[in-house]
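Dear colleague,

Please find the structure below, handed over for your study.

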Amino acid sequence: MKSIALIDVNNFYVSCERVFNPKLENKPVVVLSNNDGCAISRSNEAKELGIKMGTPWFKFKEFAKQENVTALSSNYTLYLDMSHRVMTLLSKFSPDQEIYSVDESFLDLTSFKSKDLIKYGQQIKTKIKQWTGLPVSIGIGSTKTLSKLANHIAKKNPSFKGVCNLNVMDEDTLETWMSHFPVSDVWGVGRSLAPKLNQLGIISVLDLKHADADYIRQQFSIVLEKTVRELNGVMCIELKDVEEPNKEIIVSRSFGRRVRDKQELIEAVTSYTSRAAERMRKQNSVATSLYIYIRTSPHNDKKQYANGVNIPLFQLSDDTIILTNAALLGLDYIYRDGFDYQKAGITLCNLTSKDKVQGNLFSDTISNSRMRVMDSINQRWKGKLKLGSEGITKEWEMKANFKSRNYTTNWDQLIIAH
């Protein structure tokens, strides 16, 4: 029997903020999405007040004041750095790791048969808390789907002290727990599929476990069939030891205010293209084409406009300058004067490994060297080297009125002990 562990940081964004601001402990806290739009992370205290995931800030702003809820702008620089620390630490506990998301990681503990995995899980939990300050929950099962369920049980029931191992439960106890949770709690089901399953009489996790897998495949998909089999202990979803490179990279942002001036759009498009190109080079890929779009707000009573265009590249490239020139060419094509734009976005399309690209007489070796130098400088000095068309003041940037400091990545913003 396999022993797959899922380690998940509790209320990740809020927990990152609490590490550097202990005054937030045991108080209702929410972290808001880009442009301070809606709630994307909530402390348990905020959940108890009834604040739902995805609720727009303007709808509960007054309620937050009445209930002394602390609202913070998202600080992705901090969160990504804290995530890297957690994932690096977890890699020490098993040679087989799959980083599933910014706050979740699977570990294969099957080879640790001589260990009490509940105690081992507690060691992992304690070490992460000591070294990063972040609280985690750990679920262990014979499949990834069961480990997800175990993690959910560990979070919801304090008696497990943050670690639940379904592999040591007898079948009756396991099925009792499964009967307590709605089918929407199953990994891959969620709110979208749950109503359709409910119509078939599949209400709980246990109901889905006992469903006929072939029938589920006929009615839904092979993916949901695998979920049923995994709930029955048959491993259908393997761990991915190596993270697969993205086939496309998207950088899309809403502006902090409406933008009409084309020069500001040029700055935004240059900035987004630069970020996308950096991410692409990190995974050693090149792009075949790029897609650019701009749009006004769909909720604005004024005249609306949205348009996008795909720009094929003369040759595969990861060069920020080449990609930006192509993006700005696309912007010239789709831009229309007289509109108040709310959002722009860039997608680098049909990415392929740079190592697999056949060279040609027109390959730009100067371009390759230029990007290596640019990336090395920006890695050391945190994005100080930029294209001139990216601008300086960037008054169009997203709102982040409640953003915390970059405690772990900026020398000027280190936490100060008094």
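This is a predicted model. I begin with Glu230, which is buried and yet has no salt bridge. The nearest side chain of opposite charge belongs to Lys144, and it is 7.5 Å away. A salt bridge would require a nitrogen and an oxygen within 4 Å of each other. Glu230 lies in helix H11, which covers residues 222-231. A polar atom of the Glu230 side chain lies 2.8 Å from the backbone nitrogen of Cys236. Leaving aside residues up to four places away in sequence, Glu230 touches several others, among them Thr143, Thr145 and Met235.

Helix H11 also holds Arg229 and Glu225, which are 4 residues apart, about one turn of the helix. These two form a salt bridge, with their closest N and O atoms 2.9 Å apart. Glu225 meets Arg217 in a salt bridge as well, at 3.6 Å from N to O. Within it, Glu225 counts as buried because its relative accessible area is 8%, whereas Arg229 is partly exposed at 31%.

Another salt bridge joins Lys65 and Glu62 (3.9 Å, N to O); both residues lie in helix H3. The count for the model comes to 20 salt bridges.

Finally, there is an open sheet of 3 strands in the order E3-E2-E4, with mixed pairing. Strands E3 and E4 are its edges, each pairing on one side only. E2 and E3 run antiparallel and are joined by 3 bridges; Val30 has Arg42 in E3 as its bridge partner.

Yours sincerely

Methods. Residues are numbered from 1 along each chain as its sequence is written. This is a predicted model: local features need pLDDT of at least 70, side-chain atom pairs count only at pLDDT 80 or more; totals for chains, interfaces and linings use all residues. Side-chain values use heavy atoms; hydrogens and water are left out. Two strands pair if DSSP finds at least two bridges between them. Helices (H or I, at least four residues) and strands (E, at least two) are DSSP runs, numbered from the N terminus. Buried means under 20% relative accessible area, exposed over 50%, partly exposed in between (1.4 Å probe, protein chains only). Lys and Arg count as positive and Asp and Glu as negative; His and the chain ends are not counted. A polar contact is a pair of N or O atoms within 3.5 Å; within protein, one must be able to donate a hydrogen and the other to accept it, and residues adjacent in sequence count only if both atoms are side-chain atoms. Contact means heavy atoms within 4.5 Å.
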